[in-house]
Amino acid sequence: MGSEDKEISTVIRVREFIVEKDLAAVEELERRCQVGLSGDLGDDGHGGGGGANSKKKKKKKKRGMSLHVEQIGDPFARVRHAPDHAMLVAEYGEEDEVVGVIKACVRMVSRGDTRSSSCCKRKMKFVKVACLLGLRVSPSHRRLGIATELVRRAEAWCEARGAAYATMATTASNEASLALFGGRFAYAPFRRPLFLGHPVHRHRTRVPRAHRVMQLPPPLATAAYAALLPPASAAEFVPADLPALLAHKLTLGTYLAIERNPDPALPPSFAVLSIWDATRSLRLRVGGAPPLLRASLAAARALDRHAPWLRVPSVPDVFRPFGTYLLYGLRMSGPEGPALLRSLCRHAHNVARKNLACAVVAADLGPNDPAAAAVPHWDSFSCDEDVWCIKKLNAATANGNARDDDVDWTTAPPAGVLFVDPREF
């Protein structure tokens, strides 16, 4: 084992990314790794990077349809929000060719805690968690141990910065990714979020007159989430820097919906969500569609253009690169909460209509979250194959990252709220 590791280290060199030296090579690597979904990336297990990579694998359709994803803009966009973040590249051979890349960040998030039945009276408990994502290996250099070396070095980097747990995201059908992380690195399946997508149509969707939608400035949005997000065991992965996320330039707004004339005999109802503009960092494209399907969708778009009064719900041209808006922090309360949340989703659709680059509005939610049933979505743009995996690291307790040895988060049951940070999509 020792001699094998030594031999691998002589041909594979892992170091931190240098913009001036590596940017062109990493962009070319990303381009070469734009392939199909659901494990098509996985000869070397490099498909399980999480975030956008997991989205592109999880939505495989019948007849060979697949979703291709291209990262654009800042290569650090998905990890830069964390104080501790890095991108590692792997060089191979005597020519120092960049053949692999992985991104990692360490951030503070809320964790589940099921020890107390009076969880509603407990404050959120935060823990340092590492996120490994964007793992890529050149198609011509797979099965050489490059993905293994990148993950090993990324874990060591995160552990040195006090991470108590490491997470990654993949799909249930990505056998190579699960074999690498689950088999070789002992990650365990942890959570199964739902991806709910809805196409953006040319026509405005109607928000009921009985509902009032208002935009909250970041300070009020922070206060609203403090009141709506349950503490302790009922909410997981809520970022400690939530105020910074709500004030981020790519958060287009946080919106609150209330009833104009509520029934005084009933508890008050309201809903809230935030919109993240992912069109600046991602481009998606559906490939492998049958010609008949392409033609029928094109005909529907043509009919909608020439006869808009028919209000045909034509699907945008998803066979060319398109962007998406991500909905996060979806919460609701009261008997009219689901209806109010649906109105907010319609409002988000109308916001997305103003951006010609946006073709889909989507949300990631926990399967036990009541909000999931209220979100309008199309089955063809949605799926439940995402798998979040987790591993407990051996990092020493430091910087307020106290851990209770009698409670292992990796075996805790799912919380009611699973907060998905759009910055790591």
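Guide: Buried means under 20% relative accessible area, exposed means over 50%, and partly exposed lies in between (1.4 Å probe, protein chains only). This is a predicted model, so local features need pLDDT of at least 70, side-chain atom pairs count only at pLDDT 80 or more, and totals for chains, interfaces and linings use all residues. Residues are numbered from 1 along each chain as its sequence is written, and side-chain values use heavy atoms, with hydrogens and water left out.

The protein has 425 residues, and 55% of them count as buried. There are nine helices and 17 strands. These are DSSP runs numbered from the N terminus: helices are H or I with at least four residues, strands are E with at least two.

Now the salt bridges. Each one is a side-chain nitrogen of Lys or Arg within 4 Å of a carboxyl oxygen of Asp or Glu. The count comes to 14.

Start with Glu91 and Arg13. Their closest N and O atoms are 3.9 Å apart. Glu91 sits in strand E3 (residues 84-92) and Arg13 in strand E1 (residues 12-16), 78 residues apart. Glu91 is buried, at 5% relative accessible area. Arg13 is partly exposed, at 27%.

Next comes Glu30 with Arg136. Here the closest N and O atoms are 3.2 Å apart. Glu30 belongs to helix H2 (residues 19-32) and Arg136 to strand E5 (residues 126-137), so this bridge ties together parts 106 residues apart in sequence. Both Glu30 and Arg136 are buried.

Then Glu424 with Arg107. The closest N and O atoms are 2.8 Å apart. Glu424 lies in the segment after strand E17 (417-418), Arg107 in strand E4 (residues 97-110), and 317 residues separate them. Again, both Glu424 and Arg107 are buried. Shared partners also matter for the count of groups: Arg13, Arg15, Lys21, Asp22 and Glu91 are joined by salt bridges into one network.

H2 deserves a look of its own. It has 14 residues and spans 19 Å from its first C-alpha to its last, close to the 20 Å expected at 1.5 Å a residue. The expected span is 1.5 Å times one less than the number of residues. Asp22, Val26, Leu29 and Glu30 are buried in H2. An α-helix has 3.6 residues a turn, so residues three or four places apart point the same way.

Back to the segment after E17, which also holds Arg423. Arg423 counts as buried, at 5% relative accessibility. Its side chain makes a polar contact with the side chain of Asp241, at 3.0 Å. A second polar contact runs from the side chain of Arg423 to that of Asp421, at 2.7 Å. A polar contact is a pair of N or O atoms within 3.5 Å; within protein, one must be able to donate a hydrogen and the other to accept it, and residues adjacent in sequence count only if both atoms are side-chain atoms. Leaving aside neighbours within four places in sequence, Arg423 is in contact (heavy atoms within 4.5 Å) with Ala77, Arg78, His81, Pro239, Asp241, Leu245 and Trp276.

A nonpolar core is a set of buried Ala, Val, Leu, Ile, Met, Phe, Trp, Tyr and Cys residues joined through side-chain atoms within 4.5 Å. The largest has 36 residues, and Leu242, Trp276, Val318 and Phe322 make the most contacts inside it. Helices H6 (218-228) and H7 (242-246) each supply at least two of its residues, as do strands E12 (270-277), E13 (282-287), E14 (323-333) and E15 (358-365). H6 gives the most, with four. Beyond its neighbours within four places, Val318 is in contact with Arg285, Val286 and Phe381. A second, separate core has 30 residues, among them Ala104, Val137, Ala147 and Ala166.

Last, the cysteines. The whole structure has zero disulfides, a disulfide being a pair of cysteine sulfur atoms within 2.5 Å. Cys131 is in none; its nearest cysteine sulfur, that of Cys105, is 4.9 Å away. Cys131 is buried, at 9% relative accessibility.
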